[in-house]
There are 2 protein chains.
Amino acid sequence: MTDFGEQAVAEQGGVQIGLTAVIVAVTDDEPRVLVVRRVDHALASTEEGVAREGDALSDDTLEALPYGPFYPGRHRTLDAGLRGWVEEQTQLDLGYVEQLYTFGDRGRDPREQELGARVLSIGYLALAQEAKPAGAGEALWQNWYRYFPWEDWRAGKPEILTQEIEPGLDEWATQADSPAEIRERFSRIDATFGSEEVRWNEDRVLERYELLYEAGIVTEAQRDRGQDMAFSVHSHPMVLDHRRILATAMGRLRGKLKYRPVVFELVPPTFTLFELQKAVEAISGNLLHKQNFRRLVEKSGLVEGTGKYESRTGGRPAETYRYVRDILAERLTAGPRLPVGKR
Amino acid sequence: MTDFGEQAVAEQGGVQIGLTAVIVAVTDDEPRVLVVRRVDHALASTEEGVAREGDALSDDTLEALPYGPFYPGRHRTLDAGLRGWVEEQTQLDLGYVEQLYTFGDRGRDPREQELGARVLSIGYLALAQEAKPAGAGEALWQNWYRYFPWEDWRAGKPEILTQEIEPGLDEWATQADSPAEIRERFSRIDATFGSEEVRWNEDRVLERYELLYEAGIVTEAQRDRGQDMAFSVHSHPMVLDHRRILATAMGRLRGKLKYRPVVFELVPPTFTLFELQKAVEAISGNLLHKQNFRRLVEKSGLVEGTGKYESRTGGRPAETYRYVRDILAERLTAGPRLPVGKR
DNA sequence: GCTCCTTATACTCATATTGAGCATATATTT
DNA sequence: AAATATATGCTCAATATGAGTATAAGGAGC
């Protein structure tokens with residue numbers, strides 16, 4: 001195998017490492033993500049492209065995930081690097097932190113040319129307990145369905161799917177070159193967006209985003225390809241590939257919810273079972289059957305009642321619970337699948 | 001958020017990106033991983049440490065995963081970079097490729113000092129159809145249980161667990177400072193290695209390795225800390241953090257087996273159901289109930305019989321099947337859990 | 001040919017898990 | 001006190017799972 005030698009060093013040229021964080025919290029029963037919303041001189045080269053996108057967003061809404069460079073001299077580990085600048089800049093105390101993926105496609109960052117270096121970005125998912133207004137005022141918490149309106153099925157199938165996305169995808173599919181290719185495209189649409197036979201799988205956030213990107217009906221695709229906008233789904237784009245990173249985080253978190261007790265990182269220390277359920281629903285984007293959710297959670301042995309009750313909601317008071325951080329019981333949060341269904 | 005500016009560039013210093021590949025195949029019912037086994041000048045600084053390890057391995061068995069530098073000028077994407085040098089050097093045609101994790105702890109690579117650069121390594125998992133002798137002769141296929149003998153439960157609970165690991169871990173736990181810390185350590189041991197209440201979870205390969213590392217009873221831990229070897233589990237170490245990367249790959253693959261049809265990447269185009277089963281068993285490290293496995297696979301709709309039979313095994317001939325690459329059926333390989341049990 | 005051995009495949013059955021809904025309890029509001 | 005709202009308890013049918021038993025279909029030895 002090739003080794004690292006003088007030559008390798010010379011050929012590699014400059015590489016910059018950026019750390020991009022998807023910081024998630026749930027407040028008011030909505031999933032929030034920390035977003036930076038300013039025109040950054042470092043992003044200037046993108047500005048034009050974004051501004052061209054027309055009615056989907058106005059000039060001042062350049063939205064990005066918080067990110068910062070990784071300083072190899074300063075940080076012993078990548079995780080430490082991330083925690084470092086996030087806690088420094090947002091005063092947020094990150095609990096759960098997980099590395100997501102390293103993004104390194106050429107051209108993902110237009111600054112590469114100025115810098116004369118390739119910019120890799122290591123994406124992180126972090127869960128925060130509460131969504132406080134977040135220090136500096138530059139950062140703010142946004143409902144993540146702002147960027148992915150088709151992912152929220154809590155109020156039934158989103159209109160944007162039937163009205164915009166499905167027609168758009170169908171058109172894209174039929175524009176393929178060969179009949180075989182057309183069939184192939186329809187298959188992929190069904191597999192990711194569901195159909196009569198295949199039910200919607202909430203974990204496939206990234207696959208859906210990538211299909212929309214490929215079909216060119218998401219604004220970033222048009223920006224990146226320098227196309228004019230024939231049609232684009234009404235949703236908020238983000239700078240660079242940040243919406244892709246967010247999609248990765250959403251899919252990962254939704255998946256993890258099913259086999260690891262990560263919800264507890266998102267709710268306050270004590271909570272009612274219904275509050276817990278609503279946090280799960282916010283993340284997974286669909287409703288759960290209340291009685292079955294309760295059965296599942298109680299059976300898991302991950303929570304214990306506090307003996308105290310809470311009656312802010314009009315009806316019978318609900319007992320509050322706390323998470324029992326039992327390392328032994330941590331194997332499963334919620335069994336094979338969450339109890340989907342109506343309330 | 002901090003941006004990339006001149007200053008950032010200056011402070012970042014050099015960063016080298018290495019791509020490390022865990023290339024897996026199943027042959028003769030054993031999981032194999034492609035390993036490089038030579039004394040590399042780039043690894044010279046590690047050589048001493050490894051040689052010191054005594055009876056666990058001899059001088060000439062410096063084992064490493066195949067790795068190569070990432071050339072930002074040459075490769076458009078990280079995946080392309082990996083495929084590039086792997087296919088170039090091993091003549092292997094990689095099918096399934098998945099990014100695993102980016103490893104970046106300071107000190108993970110002793111060459112950092114010579115190079116004056118931080119070396120990050122992006123780990124990849126790749127699945128190959130067959131384990132051919134692999135070109136150059138430098139690389140060879142090794143049974144992955146060579147490095148993780150405690151992970152193979154196909155012939156019952158491995159002796160190394162009862163004879164070496166469990167005593168070693170127990171000793172480590174009791175050496176903790178406070179009673180609380182002792183309890184904590186025992187909890188972690190139970191959670192990762194199982195106990196009466198907690199059954200062995202085959203996915204937790206990395207957690208187990210990291211616990212062994214922390215307990216100092218794995219040779220790399222002693223090498224990295226410069227300790228002398230009081231006691232170490234009889235298993236083969238690897239260069240740098242490659243055994244950790246392999247553990248990550250094993251855990252990821254074992255997990256994926258349960259909800260994605262990845263086994264089919266590891267078996268030939270046609271196979272009997274029992275061959276398929278044995279591939280799953282090789283990866284997951286435990287035996288499955290034959291009749292139930294068959295039921296599960298048939299029900300999944302992922303395979304179809306070819307109408308041809310194969311009788312190499314003495315008994316009644318088995319029908320051969322092929323994988324139906326049905327994008328719609330790809331949701332689940334094997335349902336929530338694989339049918340564990342005796343044959 | 002028949003018997004024994006071996007593996008493949010079919011079928012059964014008890015138990016656990018899921019999805020869905022009904023019933024009851026305990027608060028607030030009118 | 002009645003109406004309304006939510007919490008919690010319980011039932012039940014449909015599946016899924018784990019573990020066998022039974023039968024089929026080949027080869028080897030006699």
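In this predicted model, helix α7(B) meets helix α9(B) through a set of listed residues. On the α7(B) side stand B:V205, B:L206, B:R208, B:Y209, B:E210 and B:Y213. Facing them in α9(B) are B:R243, B:R244, B:A247, B:T248, B:M250, B:G251 and B:R254. By type, the residues of this contact split into six nonpolar, two polar and five charged.

Two packed helices are described by the angle between their axes and the distance between the axes. Here α7 spans residues 205–214 of chain B, and α9 spans residues 242–256 of chain B. They pack at an angle of about 150 degrees. Their axes are 7 Å apart. Angles over 145 degrees count as roughly antiparallel, so α7(B) is roughly antiparallel to α9(B).

Now move along chain B to another helix pair. Helix α10 covers residues 273–284, and helix α11 covers residues 290–300. The axes come within 10 Å and cross at roughly 100 degrees. Angles of 65 to 115 degrees count as roughly perpendicular, and α10(B) and α11(B) are therefore roughly perpendicular to each other. From α10(B), the contact takes B:L273, B:F274, B:L276, B:Q277 and B:V280. From α11(B) come B:K290, B:F293, B:R294, B:V297 and B:E298. This contact holds six nonpolar residues, one polar and three charged.

Turn next to chain A and a pocket. The largest share, six residues, comes from α10(A). Across the lining, twelve residues are nonpolar, six polar and eleven charged.

How values were computed:
Residues numbered from 1 in each chain as written. Chains lettered and ligands numbered in written order. Predicted model: local features only at pLDDT ≥ 70, side-chain atom pairs only at ≥ 80, totals over all residues. Heavy atoms only, no water. Helix = DSSP H or I, 4+ residues; strand = E, 2+ residues; numbered from the N terminus. Nonpolar A, V, L, I, M, F, W, Y, C, P; charged D, E, K, R; others polar. Axes fitted to C-alpha atoms, helices over the stretch in contact; angles between N-to-C directions. Parallel < 35°, antiparallel > 145°, perpendicular 65-115°, else oblique. Contact = heavy atoms within 4.5 Å.
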